[in-house]
Amino acid sequence: MKINQIKTKKRIVVNGANGYVASHFINELIKNDYEVIALARGSKKGSAEDRVMSALSEINGKDIVKVSGLKVYDYSLLDADFGMTKELLNEVFEMPVDYYHFAASLKFDFKSREEIFNTNIHGLENSINVFLNHSNKDSRFFFISTAYSCGKHSGVFEERFYDNAEIEEFRNYYEQSKRYAENVIKKYIETRNLDAHIIRLSQVIGDSQKGITLTDYGIFDFTKRVHSLAGRYPNSTVRVKVDEESSQNLIPINTIVYYLMQTPGKAELPVIMNFVAKQSTKNKYILEALNKMLEMEVIPQQELAQEEMTSLERIISIGMSFTNSYTDTNLVFSTAALDSIIEEEGQEVDKDSLFKMMNYFISVSEQRKRAVHSKAS
C-alpha cells in the first residue's frame, strides 16, 4: 500500500498517544518524516514519554525506535489548557497542525457511565477548546470515533451525523458517548467554524501481514479468557451463546494506519469517514480458528439459556459481558467517503490472517504467563 507523500508536511499533534491505534499511527508518521507532538498522561509507572516510547518499542520489537521529529508532552485531558503552560501550548501550535484526538475511555458499563461521559464527551469538548484557543489558521481537528456509534441502527450506517438517542438505542454507554461526542463536533462546526473531520473505526485487530497482535480488545479478550480456561480444563467441550452466521467488522491495524496516513496529505477531506472492513468476518470463522489452537472445543449455540449452562459455560458467559452484545450483529457501513481518499484497497481479514493473529496472541500470552511464574518462583 502506498503512503501518501506531500512536499510540505504539517506538524501532527496526537493526544492519547500511547494508545494502540495512536501509537501505530505515530510510528508510521515518524517513519515518513513527519514532525509529531505526542500528548500523553504520565502515571505512577512512568512519565508520558516513558509510556509513548514503551508503546513504540513494543511495535518495533528489537528494532531501534526512530525518535527524531518526535516530542512527547505530559497533559491532562480534562484540565483547563490540558494543565500545560501557555508558553508550551504556543510552542505546540506555533504553526498549522493536523490535530488527532484519540483519547477515549473504552469502558462500557453503567457503573462507569460518569467516567465514560467525562472522558469521551467533556474531554473532547475541552480538547476542541484548547485547539480553537491556541491553534493557527489552516489547522484541522480530527476526532477518532467508532463505527459502533451506529448503536442498534438497522440498514446501512452512512458517513453522516445522526441525532443523539437514549441508551435503549445503543448496546452500551461507550457507543452512546461516541454518538454524543460526534454531535459535539457538529455543534462546533456550525457555531465556531471548526475545521473538523470524524474518523470512525471498527474493531481494530492485529497486523494481517505479520500476524503481530498487540491488542486484547474485543475478540482477543474473548480468546484470552477461553484460552485460560482451556489450560485449566483441557479436552472440555463448551457451548457459547453465539450466532455463528453473524459477523464482526474486523480491520487490521496495518490497514487502519494506511487509511490514517492518507489524511494529513489531503487538502480536501469528507467530514465523516467510516474506516471499516468492506467484508465482515463471520463468528464461525473466529471459533474455527480458536478451536484449532485450543485443547477445548467451543460450540456456538444461539439459543442457550443461563439455566441450561454448565458451570464452565457460565464462567465464559460472565466473561463475555461486553462481547455478548455483538454476537448476533451483521452491521453494514457505507464507505463512499473512505473510498474517495484512498488510492488502493487496504488489506482485509481472511481465514489465514485471522488464524495467524489469534495464534500469535495466544503464543505471547503463554510467554508472559511463563515469565510471571518464573519471577514468582
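**Close-up 1. A salt bridge joins K278 and E345.** K278 and E345 form a salt bridge (a side-chain nitrogen of Lys or Arg within 4 Å of a carboxyl oxygen of Asp or Glu), with their closest N and O atoms 2.9 Å apart. The pair links distant parts of the chain, 67 residues apart, since K278 sits in the loop between strand 12 (272-275) and strand 13 (281-282), while E345 sits in the loop between helix 10 (336-339) and helix 11 (351-376). Helices (H or I, at least four residues) and strands (E, at least two) are DSSP runs, numbered from the N terminus. K278 counts as partly exposed, at 31% relative accessibility, and so does E345, at 48%; here buried means under 20% relative accessible area, exposed over 50%, and partly exposed in between (1.4 Å probe, protein chains only). The model is predicted, with local features needing pLDDT of at least 70 and side-chain atom pairs counting only at pLDDT 80 or more, whereas totals for chains, interfaces and linings use all residues. Residues are numbered from 1 along each chain as its sequence is written, and side-chain values use heavy atoms, leaving out hydrogens and water.

**Close-up 2. A salt bridge joins E182 and R200.** The closest N and O atoms of E182 and R200 are 3.0 Å apart.

**Close-up 3. I253 in helix 7.** I253, which has its place in helix 7, counts as buried at 2% relative accessibility. Leaving aside neighbours within four places in sequence, I253 is in contact (heavy atoms within 4.5 Å) with Y20, V21, H24, V204, I205, G206 and D207. From I253 to Q203 the C-alpha to C-alpha distance is 9.5 Å, although 50 residues separate them in sequence.

**Close-up 4. V14 in the largest nonpolar core.** A nonpolar core is a set of buried Ala, Val, Leu, Ile, Met, Phe, Trp, Tyr and Cys residues joined through side-chain atoms within 4.5 Å. The largest one has 43 residues, of which V14, V21, I26, F102, L260 and F275 touch the most other members. Beyond its neighbours within four places in sequence, V14 is in contact with A22, F25, I26, I37, A38, L39, Y100 and F102. Apart from this core lies another, of 32 residues, including V13, V97, L194 and I272.
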